Amino acid sequence: MTVSQTITIGVLALQGGVVEHLNLLRRATAQVSPAIEFALTEVRTPDQLARCDALIIPGGESTTMAIVARRLGLLDPLREFVKVQRKPVWGTCAGLVMLAEQASAVKQGGQELVGGLDVRVLRNRFGTQLQSFVAPLELGFLSEEEKEEKGKPAAPFRAVFIRAPVVEEIMAEEEGAGGGKPPVEVLGVYRKGDAEAEGKGDIVAVRQGNVFGTSFHPELTGDVRIHVWWLRQVVDSARHGKSIVQGA
Ligand SMILES: NC(=O)CC[C@H](N)C(=O)O
């Protein structure tokens, strides 16, 4: 793909924070590069998905999303998009649950997942809607970005957690899907109180090749940095006609 072509970014629009992602994407695209044209689109059908170069799966309710995706014949096309075509995909909160290979604390009878990340997530780690909170997160990958441009580390990211999942286990390579997949990188850890002193914490941002997941909701903060960071990788991936590689 050449830079003069349009890069189409889809947001899975079955349920959840669709508009919020589209709004932030609109602002973020303006910051990426004037040479690149982006098209932003809602995805509700396999045809719409097929036109996308990259996809965001928003927050919401992963159980509902899975049921609706199954009804619309989208589950298998989503799996193909993520795991076979290996196009860039970012899941926020419920989207992270969808992108995990395994989830615990699921409703009786289980729930269908798209998969792609060789992790097990624990749903609703921090309790109910009423226990939602905002916490400053040090995200090293944003610092690297800013260091190049401004020569200083990034300010903490105000992360919004709403019935958020965390990554409770990263599967060992031999347990994962295999097939030469890159390793799971931990990109964000939330530490609270005593856990900080002990060096423990909850994994709240991960990347494995083309698949990126965050427990929190950057689309609800108005802080455009993670969207810009992700879009830059999408551009790189589209330019080189490859899936995002580790460290790209
Ligand atoms: N804010 C959210 O996306 C919540 C996620 C929800 N608890 C789920 O498991 O799907």
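Leaving aside neighbours within four places in sequence, arginine 123 is in contact with Glu61, Ser62, Thr63, Val97, Ser104, Ala105, Val106, Lys107, Gln111, Ala164 and Pro165, where contact means heavy atoms within 4.5 Å. The structure is a predicted model, in which local features need pLDDT of at least 70 and side-chain atom pairs count only at pLDDT 80 or more, whereas totals for chains, interfaces and linings use all residues. Residues are numbered from 1 along each chain as its sequence is written, and side-chain values use heavy atoms, with hydrogens and water left out. Arginine 123 is situated in the loop between strand E6 (117-122) and strand E7 (133-137); helices (H or I, at least four residues) and strands (E, at least two) are DSSP runs, numbered from the N terminus. Arginine 123 counts as buried because its relative accessibility is 10%; buried means under 20% relative accessible area, exposed over 50%, and partly exposed in between (1.4 Å probe, protein chains only).

A polar side-chain atom of arginine 123 is placed 2.6 Å from an oxygen atom of the ligand. Backbone atoms take part as well: a polar backbone atom of serine 62 lies 2.7 Å from a ligand oxygen atom, and a backbone N or O atom of alanine 94 is 3.0 Å from an oxygen atom of the ligand. Of the 300 Å² of accessible area that the ligand has on its own, the protein covers 98%; accessible areas come from the Shrake-Rupley method with a 1.4 Å probe, and for residues only the protein chains shown count as cover.

Arginine 163 is placed in the loop between E8 and strand E9 (166-170) and is partly exposed, with a relative accessible area of 27%. A positive phi, near 50 degrees, is also found in arginine 86. That residue lies in the loop between helix H4 (75-84) and strand E4 (89-92), and its relative accessible area of 25% makes arginine 86 partly exposed. Most residues other than glycine have a negative phi.

Aromatic side chains were examined next. The whole structure contains 13 aromatic pairs, rings of Phe, Tyr and Trp (its six-membered ring) being paired if their centres lie within 6.5 Å, with planes under 30 degrees apart counted as stacked, over 60 as edge-to-face and the rest as tilted. Phenylalanine 161 and tyrosine 190 form a tilted pair, with 5.4 Å from centre to centre and 40 degrees between the planes. This pair links distant parts of the chain, since phenylalanine 161 is in strand E8 (residues 157-161) and tyrosine 190 in strand E10 (residues 185-190), 29 residues apart. Phenylalanine 161 counts as buried at 1% relative accessibility, and tyrosine 190 counts as buried at 10%. Both residues belong to one aromatic cluster formed by Phe126, Phe133, Phe157, Phe161, Tyr190 and Phe216.

Histidine 21, in helix H1 (residues 18-32), counts as buried, with a relative accessibility of 0%. Its side chain is joined to that of glutamate 219 by a polar contact of 3.4 Å. A polar contact is a pair of N or O atoms within 3.5 Å; within protein, one must be able to donate a hydrogen and the other to accept it, and residues adjacent in sequence count only if both atoms are side-chain atoms. Not counting residues up to four places away in sequence, histidine 21 touches Val11, Ile56, Pro58, Thr92, Glu219 and His227. Glycine 222 lies in the loop between strand E12 (211-214) and helix H8 (225-240) and counts as partly exposed at 36% relative accessibility.

Overall, the chain has 8 helices and 12 strands, and 51% of its 248 residues count as buried. Among contacts between residues at least 6 apart in sequence, 71% join residues at least 24 apart.
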